[in-house]
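Please keep the sequence and the model in view while reading.

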Amino acid sequence: MKLKRQFDFIKNRKYIFAVSIGLLLIGLIFNFIFGTSLDIQFKGGTMVSYTYHGSINVNEADSVIQEAIGMPVNVQASEDRMTESQKLVVNLSNDTELTTEQMDAMNAALAEKFADTGIEFLQANSVNPTMGQEFFQKSMVAVGLAALLMILYIGIRFRKIGGLSAGIFAVLALLHDIALVYFTFIVLQIPLNDSFIAAVLTILGYSINGTIVVYDRVRENRRLMGPKAGIAEVVNVSINQSLSRTINTTISTVIAVGTVSVFAVIYNISSILSFSIPMLVGIIAGCYSSTCVTGPLWVMWKQFREKKLRGGEAEAK
């Protein structure tokens, strides 16, 4: 059973793996340079928001606030195109929450310094550091549980072709996708928040779907091509048969998420942008891993196991 045109994913796996390793190394370099930044949702702290009109120098606002409350802060400004108003967000990462006196002092200092902007207090959110750490730990448990359930599902569904090992290598490829999503947050210097967890869980489901399609073709081709066909040939044919489906699905998804990203950029909606951009990277990475990484990795393992079994049988004789 042969296709008219085939790309040999198994034979070219060294180049495929080189691309993945190169991207991961670049991500590690950026991680070393910028470090990992956690949002207050994970590390605790206080976020205070203000609305204003006109313009405010972020550095000046930073200095005014630090002088008023005596604590280091991180100040960010954004624009709401729909209401034509500006938003000033003050992040404080500290083990202690702001007191009423400190909040009043900060409000008064900003109102005095930027009186011509009509700056007004909007809201304040505080997260206890212990609660933030617990939330982060529970989020990681959710990701780990999802991965475990995927291994069990693939192991049961594809038990006739060695489903447990197929599930394990599918999840290993998913770690490749998660790493690229994580490095996207690092490169763009977006603090890890609940958008990161949402993006990771979404990518897990999206990427594994493409992998399951390939495994389904492997199971069918194993029956059609017979026992004489090697595992490398069966997997390569299966990947090529599902390639157009995977690419078309990815293109349609990228168009949808890309539209959301453009909308977020136009209207400067950072909360959406911090989710949609990593999602775009994850979708493309998921297409690449389910097509190019999972199958070759699994074939390498199967060939290693077959070689080891043959060696054991030879020694027994």
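## Basis of the description

Helices (H or I, at least four residues) and strands (E, at least two) are DSSP runs, numbered from the N terminus. The model is predicted: local features need pLDDT of at least 70, side-chain atom pairs count only at pLDDT 80 or more, and totals for chains, interfaces and linings use all residues. Residues are numbered from 1 along each chain as its sequence is written, and side-chain values use heavy atoms, with hydrogens and water left out.

## Annotated transmembrane regions

An unreviewed UniProt entry places the feature "transmembrane region" at residues 15-34, 135-156, 168-190, 196-215, 250-269 and 275-301. UniProt positions follow the numbering used here, feature names are shortened, and annotations may be inferred rather than shown by experiment.

Residues 168-190 are 87% helix and 0% strand, and their end C-alpha atoms are 30 Å apart. Residues 196-215 are 100% helix and 0% strand, with 28 Å between the end C-alpha atoms.

## Aromatic pairs

The whole structure contains ten aromatic pairs. Rings of Phe, Tyr and Trp (its six-membered ring) pair if their centres lie within 6.5 Å; planes under 30 degrees apart count as stacked, over 60 as edge-to-face and the rest as tilted. The ring centres of Phe 185 and Phe 196 are 5.4 Å apart and the planes stand at 90°, so this pair is edge-to-face. The pair links distant parts of the chain, with Phe 185 in helix 6 (residues 163-187) and Phe 196 in helix 7 (residues 194-225), eleven residues apart. Phe 185 and Phe 196 are both buried, a term for under 20% relative accessible area, while exposed means over 50% and partly exposed in between (1.4 Å probe, protein chains only). One aromatic cluster is formed by Tyr 182, Phe 183, Phe 185 and Phe 196.

Where the rings of Tyr 215 and Trp 298 pair, their centres are 5.3 Å apart and their planes at 70°, so the pair is edge-to-face. This pair also links distant parts of the chain: Tyr 215 belongs to helix 7 and Trp 298 to helix 9 (residues 270-316), 83 residues apart. Tyr 215 and Trp 298 are both buried.

Tyr 50 lies in strand 1 (residues 45-52) and is buried, with a relative accessible area of 2%. Leaving aside neighbours within four places in sequence, residues in contact with Tyr 50 (heavy atoms within 4.5 Å) include Leu 88, Val 90, Leu 110 and Phe 121. Tyr 50 and Val 90 are 40 residues apart in sequence, and their C-alpha atoms are 8.4 Å apart in space.
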